Amino acid sequence: MATFDLELVSPERLLLSRPVEMAVIPAVEGDMGVLPNHAPMIVALKGGLIRVTEGGRETERLFIMGGFAEITPTRVTVLADEATPVASLSKAMAAQRVAEAEIALAAAANDAPELREKATDRLMAARAMQDAAQAA
Amino acid sequence: MASLKDLRGRINSVKSTRKITQAMKMVAAAKLRRAQAQAEAARPYAQRMERMLASLGAAVADSPEAPQMLIGTGRDQVHLLVVVTAERGLSGAFNTNAARFARARIRALEAEGKTVKLLTVGRKGATFLKREFASRVVGEISYHNVKRIGFEQADEIATRITAMLEAGEFDVCSLIYNRFQSVVSQVASEQRLIPAPLPANDLTAPAGESPALYEYEPSEENLLAALLPKNLAIQIYRALLENAAGFFGSQMTAMDNATRNAGDMINRLTLNYNRTRQANITKELIEIISGAEAV
(Lines give C-alpha, C1' and ligand atoms only; values in the text may rest on other atoms or scores of the structure.)
Protein backbone atom coordinates (compact mmCIF):
# COMPACT_ATOMS: atom_id res chain seq x y z
CA MET A 1 0.00 0.00 0.00
CA ALA A 2 1.11 3.55 -0.72
CA THR A 3 2.75 5.40 2.12
CA PHE A 4 3.77 8.93 3.01
CA ASP A 5 6.34 10.24 5.49
CA LEU A 6 4.96 11.18 8.86
CA GLU A 7 7.03 13.34 11.16
CA LEU A 8 6.01 14.20 14.67
CA VAL A 9 8.14 16.76 16.45
CA SER A 10 7.79 18.49 19.78
CA PRO A 11 10.00 21.44 20.73
CA GLU A 12 12.16 19.14 22.77
CA ARG A 13 12.67 16.29 20.33
CA LEU A 14 11.78 14.41 17.18
CA LEU A 15 9.34 11.70 18.21
CA LEU A 16 8.47 9.95 15.00
CA SER A 17 9.75 9.98 11.47
CA ARG A 18 8.86 7.13 9.17
CA PRO A 19 6.62 6.17 6.25
CA VAL A 20 3.06 5.29 7.26
CA GLU A 21 -0.14 4.44 5.41
CA MET A 22 -2.59 6.62 7.21
CA ALA A 23 -2.63 9.06 10.09
CA VAL A 24 -5.61 10.52 11.89
CA ILE A 25 -4.84 13.94 13.32
CA PRO A 26 -7.00 16.09 15.61
CA ALA A 27 -7.52 19.29 13.62
CA VAL A 28 -9.33 22.14 15.35
CA GLU A 29 -12.29 21.71 13.06
CA GLY A 30 -12.57 17.99 13.58
CA ASP A 31 -10.37 14.92 13.32
CA MET A 32 -9.04 14.28 9.86
CA GLY A 33 -7.64 11.15 8.33
CA VAL A 34 -4.72 11.74 6.02
CA LEU A 35 -3.82 9.35 3.22
CA PRO A 36 -1.00 9.69 0.69
CA ASN A 37 -1.49 12.36 -1.99
CA HIS A 38 -3.53 14.59 0.24
CA ALA A 39 -3.95 18.16 -0.98
CA PRO A 40 -1.41 20.55 0.58
CA MET A 41 -2.77 22.05 3.78
CA ILE A 42 -1.66 23.77 6.93
CA VAL A 43 -3.97 23.12 9.85
CA ALA A 44 -4.06 24.01 13.50
CA LEU A 45 -4.49 21.12 15.91
CA LYS A 46 -6.32 20.76 19.20
CA GLY A 47 -5.56 18.44 22.08
CA GLY A 48 -6.28 14.88 21.01
CA LEU A 49 -4.96 11.61 19.69
CA ILE A 50 -2.83 10.98 16.65
CA ARG A 51 -3.48 7.49 15.34
CA VAL A 52 -1.04 5.93 12.94
CA THR A 53 -1.87 3.05 10.60
CA GLU A 54 0.81 0.85 9.10
CA GLY A 55 0.35 -2.46 7.33
CA GLY A 56 -3.41 -2.21 7.69
CA ARG A 57 -3.26 -2.02 11.48
CA GLU A 58 -3.26 0.81 13.95
CA THR A 59 0.29 0.73 15.27
CA GLU A 60 0.76 3.88 17.25
CA ARG A 61 -1.36 6.19 19.36
CA LEU A 62 0.06 9.41 20.68
CA PHE A 63 -1.56 12.18 22.59
CA ILE A 64 -0.72 15.76 21.62
CA MET A 65 -1.55 19.00 23.40
CA GLY A 66 -2.38 21.08 20.34
CA GLY A 67 -0.04 22.29 17.64
CA PHE A 68 0.11 22.52 13.86
CA ALA A 69 0.37 20.19 10.92
CA GLU A 70 1.73 20.74 7.47
CA ILE A 71 0.37 18.35 4.89
CA THR A 72 1.80 17.83 1.42
CA PRO A 73 1.11 14.95 -1.00
CA THR A 74 4.23 13.10 0.16
CA ARG A 75 4.75 14.25 3.70
CA VAL A 76 2.94 15.20 6.89
CA THR A 77 4.75 17.20 9.55
CA VAL A 78 3.10 17.56 12.92
CA LEU A 79 4.45 20.23 15.24
CA ALA A 80 3.04 19.32 18.60
CA ASP A 81 3.25 21.56 21.65
CA GLU A 82 3.69 18.45 23.71
CA ALA A 83 3.40 14.82 22.74
CA THR A 84 3.17 11.61 24.78
CA PRO A 85 2.57 8.03 23.71
CA VAL A 86 -0.81 7.00 25.07
CA ALA A 87 0.73 4.12 27.00
CA SER A 88 2.75 6.49 29.15
CA LEU A 89 -0.08 8.88 29.97
CA SER A 90 -0.95 8.91 33.63
CA LYS A 91 -4.47 9.40 34.87
CA ALA A 92 -3.34 11.30 37.92
CA MET A 93 -1.40 13.81 35.86
CA ALA A 94 -4.26 14.28 33.44
CA ALA A 95 -6.65 14.87 36.32
CA GLN A 96 -4.27 17.45 37.73
CA ARG A 97 -4.08 19.18 34.36
CA VAL A 98 -7.87 19.33 34.19
CA ALA A 99 -8.05 20.78 37.67
CA GLU A 100 -5.44 23.40 36.83
CA ALA A 101 -7.18 24.32 33.59
CA GLU A 102 -10.53 24.64 35.39
CA ILE A 103 -9.01 27.03 37.91
CA ALA A 104 -7.38 29.03 35.12
CA LEU A 105 -10.69 29.28 33.29
CA ALA A 106 -12.48 30.41 36.42
CA ALA A 107 -9.80 33.03 36.95
CA ALA A 108 -10.15 34.23 33.38
CA ALA A 109 -13.90 34.76 33.72
CA ASN A 110 -13.54 38.52 33.63
CA ASP A 111 -10.74 38.73 31.07
CA ALA A 112 -10.94 39.57 27.41
CA PRO A 113 -12.86 37.05 25.27
CA GLU A 114 -9.68 35.88 23.52
CA LEU A 115 -8.05 35.01 26.82
CA ARG A 116 -11.15 33.18 27.94
CA GLU A 117 -11.18 31.28 24.70
CA LYS A 118 -7.56 30.25 25.22
CA ALA A 119 -8.33 29.02 28.72
CA THR A 120 -11.30 27.07 27.37
CA ASP A 121 -9.12 25.48 24.71
CA ARG A 122 -6.65 24.44 27.33
CA LEU A 123 -9.38 22.90 29.45
CA MET A 124 -10.69 20.99 26.43
CA ALA A 125 -7.19 19.70 25.69
CA ALA A 126 -6.73 18.62 29.30
CA ARG A 127 -10.09 16.82 29.23
CA ALA A 128 -9.09 15.08 26.02
CA MET A 129 -5.90 14.00 27.75
CA GLN A 130 -7.88 12.59 30.64
CA ASP A 131 -10.15 10.67 28.28
CA ALA A 132 -7.17 9.27 26.45
CA ALA A 133 -5.53 8.24 29.71
CA GLN A 134 -8.68 6.49 30.85
CA ALA A 135 -9.12 4.67 27.57
CA ALA A 136 -5.54 3.43 27.60
CA MET B 1 62.49 34.26 51.90
CA ALA B 2 59.58 31.94 52.63
CA SER B 3 60.28 29.17 55.08
CA LEU B 4 59.97 25.53 54.10
CA LYS B 5 56.78 25.18 56.07
CA ASP B 6 55.16 28.11 54.26
CA LEU B 7 56.12 26.67 50.89
CA ARG B 8 54.70 23.27 51.81
CA GLY B 9 51.47 24.92 52.84
CA ARG B 10 51.21 26.82 49.57
CA ILE B 11 51.97 23.77 47.46
CA ASN B 12 49.22 21.84 49.24
CA SER B 13 46.67 24.60 48.84
CA VAL B 14 47.40 24.99 45.12
CA LYS B 15 47.13 21.23 44.75
CA SER B 16 43.67 21.19 46.25
CA THR B 17 42.66 24.12 44.04
CA ARG B 18 43.79 22.11 41.07
CA LYS B 19 41.69 19.18 42.18
CA ILE B 20 38.64 21.42 42.35
CA THR B 21 39.18 23.03 38.96
CA GLN B 22 39.84 19.64 37.42
CA ALA B 23 36.60 18.26 38.83
CA MET B 24 34.69 21.32 37.63
CA LYS B 25 36.12 20.85 34.18
CA MET B 26 34.94 17.24 34.05
CA VAL B 27 31.49 18.19 35.27
CA ALA B 28 31.26 21.00 32.72
CA ALA B 29 32.33 18.64 29.94
CA ALA B 30 29.62 16.14 30.87
CA LYS B 31 26.97 18.84 31.11
CA LEU B 32 28.14 20.36 27.85
CA ARG B 33 27.51 17.08 26.08
CA ARG B 34 24.01 16.93 27.48
CA ALA B 35 23.31 20.55 26.58
CA GLN B 36 24.54 20.00 23.05
CA ALA B 37 22.34 16.94 22.67
CA GLN B 38 19.37 18.94 23.86
CA ALA B 39 20.11 21.73 21.40
CA GLU B 40 20.43 19.14 18.66
CA ALA B 41 17.07 17.63 19.58
CA ALA B 42 15.36 21.00 19.39
CA ARG B 43 16.54 21.67 15.87
CA PRO B 44 13.98 19.65 13.83
CA TYR B 45 11.06 21.53 15.35
CA ALA B 46 12.65 24.90 14.66
CA GLN B 47 13.39 23.97 11.06
CA ARG B 48 9.87 22.81 10.33
CA MET B 49 8.40 25.78 12.07
CA GLU B 50 10.48 28.00 9.86
CA ARG B 51 9.22 26.25 6.75
CA MET B 52 5.62 26.68 7.78
CA LEU B 53 6.14 30.30 8.71
CA ALA B 54 7.76 31.07 5.38
CA SER B 55 4.76 29.82 3.48
CA LEU B 56 2.23 31.46 5.79
CA GLY B 57 4.08 34.72 6.11
CA ALA B 58 4.25 35.15 2.37
CA ALA B 59 0.51 34.61 2.18
CA VAL B 60 -0.29 37.22 4.82
CA ALA B 61 2.53 39.76 4.75
CA ASP B 62 0.74 42.23 2.50
CA SER B 63 -2.59 42.06 4.21
CA PRO B 64 -3.32 44.97 6.56
CA GLU B 65 -4.63 42.52 9.13
CA ALA B 66 -1.28 40.85 9.63
CA PRO B 67 -0.59 40.38 13.34
CA GLN B 68 1.53 42.89 15.19
CA MET B 69 4.10 40.29 16.02
CA LEU B 70 4.92 39.99 12.32
CA ILE B 71 4.85 43.57 11.13
CA GLY B 72 5.56 45.35 14.40
CA THR B 73 3.75 48.38 15.70
CA GLY B 74 4.92 50.53 12.82
CA ARG B 75 7.12 52.58 15.14
CA ASP B 76 10.72 52.26 16.17
CA GLN B 77 10.86 54.18 19.41
CA VAL B 78 10.87 51.80 22.35
CA HIS B 79 13.30 48.89 22.21
CA LEU B 80 13.00 45.91 24.47
CA LEU B 81 16.27 44.02 24.87
CA VAL B 82 16.13 40.53 26.28
CA VAL B 83 19.59 39.75 27.60
CA VAL B 84 20.33 36.10 28.22
CA THR B 85 23.27 35.17 30.44
CA ALA B 86 24.20 32.28 32.69
CA GLU B 87 23.23 31.79 36.31
CA ARG B 88 26.74 31.12 37.51
CA GLY B 89 30.22 32.46 37.07
CA LEU B 90 33.60 30.76 36.91
CA SER B 91 33.27 30.59 33.17
CA GLY B 92 35.85 33.02 31.85
CA ALA B 93 34.50 36.05 30.03
CA PHE B 94 31.23 34.36 29.05
CA ASN B 95 28.81 36.51 31.01
CA THR B 96 30.85 39.66 30.72
CA ASN B 97 30.92 39.39 26.94
CA ALA B 98 27.16 39.22 26.63
CA ALA B 99 26.65 41.99 29.17
CA ARG B 100 29.22 44.23 27.51
CA PHE B 101 27.61 43.65 24.16
CA ALA B 102 24.27 44.60 25.68
CA ARG B 103 25.77 47.70 27.22
CA ALA B 104 27.18 48.83 23.87
CA ARG B 105 23.78 48.28 22.25
CA ILE B 106 21.97 50.22 24.95
CA ARG B 107 24.35 53.14 24.59
CA ALA B 108 24.06 53.12 20.81
CA LEU B 109 20.27 53.05 20.96
CA GLU B 110 20.07 55.78 23.55
CA ALA B 111 22.46 57.92 21.54
CA GLU B 112 19.91 57.70 18.74
CA GLY B 113 17.27 58.97 21.13
CA LYS B 114 15.41 55.69 21.54
CA THR B 115 13.98 54.41 24.76
CA VAL B 116 15.45 51.15 26.00
CA LYS B 117 13.81 48.60 28.25
CA LEU B 118 15.66 45.61 29.60
CA LEU B 119 14.49 42.14 30.42
CA THR B 120 17.28 40.04 31.85
CA VAL B 121 17.36 36.28 31.90
CA GLY B 122 20.01 34.81 34.18
CA ARG B 123 21.45 36.31 37.33
CA LYS B 124 24.92 37.20 36.13
CA GLY B 125 23.86 39.61 33.42
CA ALA B 126 21.29 41.16 35.71
CA THR B 127 23.84 42.15 38.33
CA PHE B 128 26.18 43.54 35.71
CA LEU B 129 23.58 45.62 33.88
CA LYS B 130 21.77 46.81 36.97
CA ARG B 131 24.86 48.66 38.08
CA GLU B 132 24.56 51.06 35.20
CA PHE B 133 21.07 50.72 33.79
CA ALA B 134 18.93 49.94 36.81
CA SER B 135 16.20 52.33 35.67
CA ARG B 136 15.75 50.52 32.34
CA VAL B 137 15.27 47.05 33.79
CA VAL B 138 11.61 46.10 33.50
CA GLY B 139 12.00 42.50 34.55
CA GLU B 140 14.42 39.90 35.78
CA ILE B 141 14.03 36.24 35.17
CA SER B 142 16.25 33.71 36.84
CA TYR B 143 16.32 29.95 36.58
CA HIS B 144 18.99 29.21 39.14
CA ASN B 145 16.72 26.74 40.86
CA VAL B 146 15.66 24.99 37.66
CA LYS B 147 17.76 21.92 37.07
CA ARG B 148 17.25 21.50 33.38
CA ILE B 149 16.04 24.25 31.10
CA GLY B 150 13.03 23.03 29.16
CA PHE B 151 10.62 24.45 26.64
CA GLU B 152 8.37 25.43 29.52
CA GLN B 153 10.77 28.18 30.60
CA ALA B 154 11.07 29.56 27.09
CA ASP B 155 7.30 29.56 26.79
CA GLU B 156 7.04 31.52 30.01
CA ILE B 157 9.37 34.23 28.72
CA ALA B 158 7.56 34.33 25.38
CA THR B 159 4.21 34.74 27.11
CA ARG B 160 5.60 37.63 29.08
CA ILE B 161 6.93 39.34 25.97
CA THR B 162 3.65 38.79 24.16
CA ALA B 163 1.74 40.36 27.03
CA MET B 164 4.06 43.37 26.92
CA LEU B 165 3.57 43.70 23.18
CA GLU B 166 -0.19 43.61 23.56
CA ALA B 167 -0.01 46.26 26.24
CA GLY B 168 1.97 48.40 23.80
CA GLU B 169 5.02 48.60 26.04
CA PHE B 170 7.58 48.37 23.25
CA ASP B 171 7.91 48.57 19.46
CA VAL B 172 10.93 46.43 18.69
CA CYS B 173 12.18 43.43 20.63
CA SER B 174 15.63 41.90 20.30
CA LEU B 175 17.38 39.05 21.98
CA ILE B 176 21.00 39.29 23.09
CA TYR B 177 22.77 36.05 23.90
CA ASN B 178 25.98 34.14 23.40
CA ARG B 179 25.72 32.22 20.17
CA PHE B 180 27.35 28.82 20.41
CA GLN B 181 29.93 28.55 17.66
CA SER B 182 32.09 25.83 19.11
CA VAL B 183 33.17 24.58 22.49
CA VAL B 184 35.88 27.21 22.67
CA SER B 185 34.12 30.07 20.96
CA GLN B 186 30.86 31.77 21.88
CA VAL B 187 29.96 35.00 20.19
CA ALA B 188 27.73 37.59 21.80
CA SER B 189 25.13 38.48 19.21
CA GLU B 190 21.78 40.09 18.70
CA GLN B 191 18.70 38.62 17.11
CA ARG B 192 15.50 40.48 16.31
CA LEU B 193 12.32 38.86 17.60
CA ILE B 194 9.60 41.41 16.91
CA PRO B 195 8.80 42.37 14.19
CA ALA B 196 9.56 38.79 13.24
CA PRO B 197 12.10 38.44 10.46
CA LEU B 198 10.58 36.05 7.95
CA PRO B 199 12.66 33.26 6.50
CA ALA B 200 12.91 33.51 2.73
CA ASN B 201 10.22 31.58 0.93
CA ASP B 202 10.62 29.24 -2.06
CA LEU B 203 14.22 28.45 -1.28
CA THR B 204 13.08 26.47 1.72
CA ALA B 205 10.98 24.04 -0.29
CA PRO B 206 12.93 20.82 -0.69
CA ALA B 207 13.89 19.81 -4.21
CA GLY B 208 11.20 18.00 -6.13
CA GLU B 209 8.42 19.77 -4.31
CA SER B 210 6.94 22.85 -5.84
CA PRO B 211 6.31 25.67 -3.39
CA ALA B 212 2.84 24.31 -2.87
CA LEU B 213 -0.28 26.38 -2.62
CA TYR B 214 -1.58 25.43 0.73
CA GLU B 215 -5.09 25.36 1.98
CA TYR B 216 -5.38 26.82 5.45
CA GLU B 217 -7.64 25.73 8.22
CA PRO B 218 -8.57 27.95 10.00
CA SER B 219 -7.75 31.13 8.05
CA GLU B 220 -4.19 32.34 7.40
CA GLU B 221 -4.53 35.17 9.90
CA ASN B 222 -5.75 32.92 12.68
CA LEU B 223 -3.10 30.35 12.00
CA LEU B 224 -0.39 32.94 11.96
CA ALA B 225 -1.67 34.49 15.16
CA ALA B 226 -1.22 31.12 16.82
CA LEU B 227 2.02 30.22 15.09
CA LEU B 228 3.94 33.43 15.78
CA PRO B 229 3.93 33.21 19.59
CA LYS B 230 5.07 29.59 19.22
CA ASN B 231 7.85 30.75 16.97
CA LEU B 232 8.83 33.39 19.50
CA ALA B 233 9.02 30.74 22.19
CA ILE B 234 11.10 28.52 19.92
CA GLN B 235 13.58 31.30 19.20
CA ILE B 236 13.93 31.95 22.90
CA TYR B 237 14.23 28.25 23.62
CA ARG B 238 17.06 28.02 21.15
CA ALA B 239 18.81 30.98 22.71
CA LEU B 240 18.44 29.45 26.17
CA LEU B 241 19.89 26.17 24.99
CA GLU B 242 22.76 27.80 23.15
CA ASN B 243 23.40 29.90 26.20
CA ALA B 244 23.52 26.79 28.37
CA ALA B 245 25.78 24.92 25.97
CA GLY B 246 28.02 27.97 25.56
CA PHE B 247 28.23 28.43 29.29
CA PHE B 248 29.45 24.91 29.88
CA GLY B 249 31.84 25.18 26.96
CA SER B 250 33.24 28.38 28.33
CA GLN B 251 33.43 26.99 31.83
CA MET B 252 35.24 23.94 30.56
CA THR B 253 37.85 26.07 28.81
CA ALA B 254 38.25 28.35 31.81
CA MET B 255 38.65 25.44 34.19
CA ASP B 256 41.08 23.74 31.85
CA ASN B 257 43.22 26.88 31.88
CA ALA B 258 42.96 27.13 35.64
CA THR B 259 44.06 23.52 36.02
CA ARG B 260 47.04 24.12 33.78
CA ASN B 261 47.99 27.29 35.62
CA ALA B 262 47.75 25.50 38.93
CA GLY B 263 50.06 22.79 37.57
CA ASP B 264 52.62 25.39 36.48
CA MET B 265 52.42 27.04 39.84
CA ILE B 266 52.95 23.75 41.65
CA ASN B 267 56.05 23.09 39.55
CA ARG B 268 57.45 26.51 40.34
CA LEU B 269 56.72 26.19 44.02
CA THR B 270 58.20 22.70 44.17
CA LEU B 271 61.40 23.93 42.52
CA ASN B 272 61.56 26.77 44.97
CA TYR B 273 60.91 24.39 47.85
CA ASN B 274 63.70 22.02 46.83
CA ARG B 275 66.16 24.85 46.34
CA THR B 276 65.39 26.20 49.77
CA ARG B 277 65.71 22.76 51.29
CA GLN B 278 69.10 22.21 49.66
CA ALA B 279 70.29 25.65 50.69
CA ASN B 280 69.34 24.78 54.25
CA ILE B 281 71.23 21.51 54.12
CA THR B 282 74.32 23.22 52.65
CA LYS B 283 74.16 25.85 55.33
CA GLU B 284 73.96 23.24 58.08
CA LEU B 285 76.85 21.28 56.58
CA ILE B 286 79.01 24.39 56.48
CA GLU B 287 78.16 25.06 60.09
CA ILE B 288 79.05 21.52 61.14
CA ILE B 289 82.32 21.43 59.16
CA SER B 290 83.49 24.81 60.30
CA GLY B 291 82.57 23.86 63.87
CA ALA B 292 84.62 20.65 63.57
CA GLU B 293 87.58 22.52 62.09
CA ALA B 294 87.56 25.00 64.92
CA VAL B 295 87.97 22.23 67.52
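1. In this predicted model, the buried residues of helix α1(A) pack against α2 (113–135) of chain A. The residues of α1(A) that count as buried are Ala94(A), Arg97(A) and Ala101(A). Seen down the helix axis, the buried residues of α1(A) fall within an arc of 55°, so they line one face of the helix.

2. The face of α1(A) that is turned away from the buried side carries exposed residues, namely Ala92(A), Ala99(A), Ile103(A), Ala106(A) and Ala107(A). As to its length, helix α1 of chain A covers residues 91–107, and its 17 residues should span 24 Å at 1.5 Å a residue; the C-alpha atoms at its ends are 24 Å apart, which agrees with that expectation.

3. Elsewhere in chain A, Val20(A) belongs to strand β2, which comprises residues 13–20. Val20(A) has 19 C-beta neighbours inside 10 Å and therefore counts as partly exposed, given that a residue is called buried if 20 or more other C-beta atoms lie within 10 Å of its own.

4. When residues up to four places away in sequence are left out, Val20(A) touches Thr3(A), Phe4(A) and Leu6(A), and also Val52(A), Thr53(A) and Glu54(A). Gly55(A) is 35 residues apart from Val20(A) in sequence, while the C-alpha atoms of the two are 8.2 Å apart in space.

5. In chain B, five strands form an open sheet with mixed pairing, and their order is β3-β2-β1-β4-β5. Its edge strands are β3 (137–141) and β5 (185–194) of chain B, each of which pairs on one side only. Neighbouring strands of this sheet are turned against each other by 20° on average, with direction ignored.

6. Within that sheet, strand β1 (residues 78–84) of chain B pairs with strand β2 (residues 115–121) of chain B in the parallel sense, over seven bridges. Across this pair, Leu80(B) stands opposite Lys117(B) in β2(B). In general, the strands of a sheet pair through backbone hydrogen bonds, either parallel or antiparallel.

7. Two helices of chain B deserve mention together with these strands. Helix α4 (residues 123–133) of chain B lies across β1, β2 and β3 of chain B, and runs at about 155° to β2(B). Helix α6 (residues 220–294) of chain B, in turn, lies across β1, β4 (172–182) and β5 of chain B, and runs at about 40° to β4(B).

Key
Residues numbered from 1 in each chain as written. Chains lettered and ligands numbered in written order. Predicted model: local features only at pLDDT ≥ 70, side-chain atom pairs only at ≥ 80, totals over all residues. Helix = DSSP H or I, 4+ residues; strand = E, 2+ residues; numbered from the N terminus. Expected span 1.5 Å × (residues − 1). Buried ≥ 20, exposed ≤ 12 C-beta atoms within 10 Å, placed from the backbone. Arc of directions from axis to C-beta. Contact = placed C-beta atoms within 7 Å. Pairing = 2+ DSSP bridges. Axes fitted to C-alpha atoms, helices over the stretch in contact; angles between N-to-C directions.
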